[in-house]
Amino acid sequence: LLHIKIICCKNLRNKDGVRGLTALPVPKCIKDDVSDPFMKVYVRKRRILKTQTVWNNLNPVWNENFYVNVCDYADFIQFECRDSDGLKSAHLGTHYLPVEEL
């Protein structure tokens, strides 16, 4: 049984809105929109967990605990942060944790 706690991310890239665009009139709700991050965690290519989405936040805090049965041998655990955009999501960043550090 593997216990994983997803705590937070800091200073994520903004994949939403159009910050800095001044050539065209853009509604404030679109101009000030920021990423809506969530985390996915994989062992090998199998997703083992997904956090809740934190809306409009470049410094999200989850503090979510997961207890996962993992039967696969793997060299690392992959943590992927994504920006939720309805039916699709954009990549914000990935971290690979070597299993020997566990």
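I count a contact when heavy atoms lie within 4.5 Å. The model is predicted, so I take local features only at pLDDT of at least 70 and side-chain atom pairs only at pLDDT 80 or more, while totals for chains, interfaces and linings use all residues. I number residues from 1 along each chain as its sequence is written, and my side-chain values use heavy atoms, with hydrogens and water left out.

**Entry: Ser35**

Ser35 sits in the loop between helix 1 (28-31) and strand 2 (37-43). I take helices (H or I, at least four residues) and strands (E, at least two) as DSSP runs, numbered from the N terminus. Is Ser35 buried or exposed? Ser35 is buried, at a relative accessible area of 0%. My cut-offs are under 20% relative accessible area for buried, over 50% for exposed, and partly exposed in between (1.4 Å probe, protein chains only). I set aside neighbours within four places in sequence and listed the contacts of Ser35. They include Arg13, Asn14, Lys15 and Asp16. Val54, Trp55, Asn56, Asn57 and Leu58 are also in contact with Ser35. Asp83 and Leu92 are on the list too.

**Entry: cysteines**

How many disulfides does the structure hold? I found zero. A disulfide is a covalent bond between the sulfur atoms of two cysteines. My test is a pair of cysteine sulfur atoms within 2.5 Å. Cys81 is buried, at 4% relative accessibility. Cys71, by contrast, is exposed, with a relative accessible area of 74%.

**Entry: Tyr96**

Tyr96 belongs to strand 6 (residues 88-98). I read 45% relative accessibility for Tyr96, which counts as partly exposed. Which residues does Tyr96 touch, beyond those up to four places away in sequence? I get Phe76, Ile77 and Gln78. Phe76 is 20 residues from Tyr96 along the chain, yet their C-alpha atoms are separated by 6.0 Å.

**Entry: positive phi**

Most residues other than glycine have a negative phi. I noted two with a positive value. Asn11 has a phi of about 55° and is not a glycine. Asn11 lies in the loop between strand 1 (2-8) and helix 1. Asn11 is exposed, at 66% relative accessible area. Arg44 has a positive phi near 60°. I place Arg44 in the loop between strand 2 and strand 3 (46-50). Arg44 is exposed as well, with a relative accessible area of 53%.
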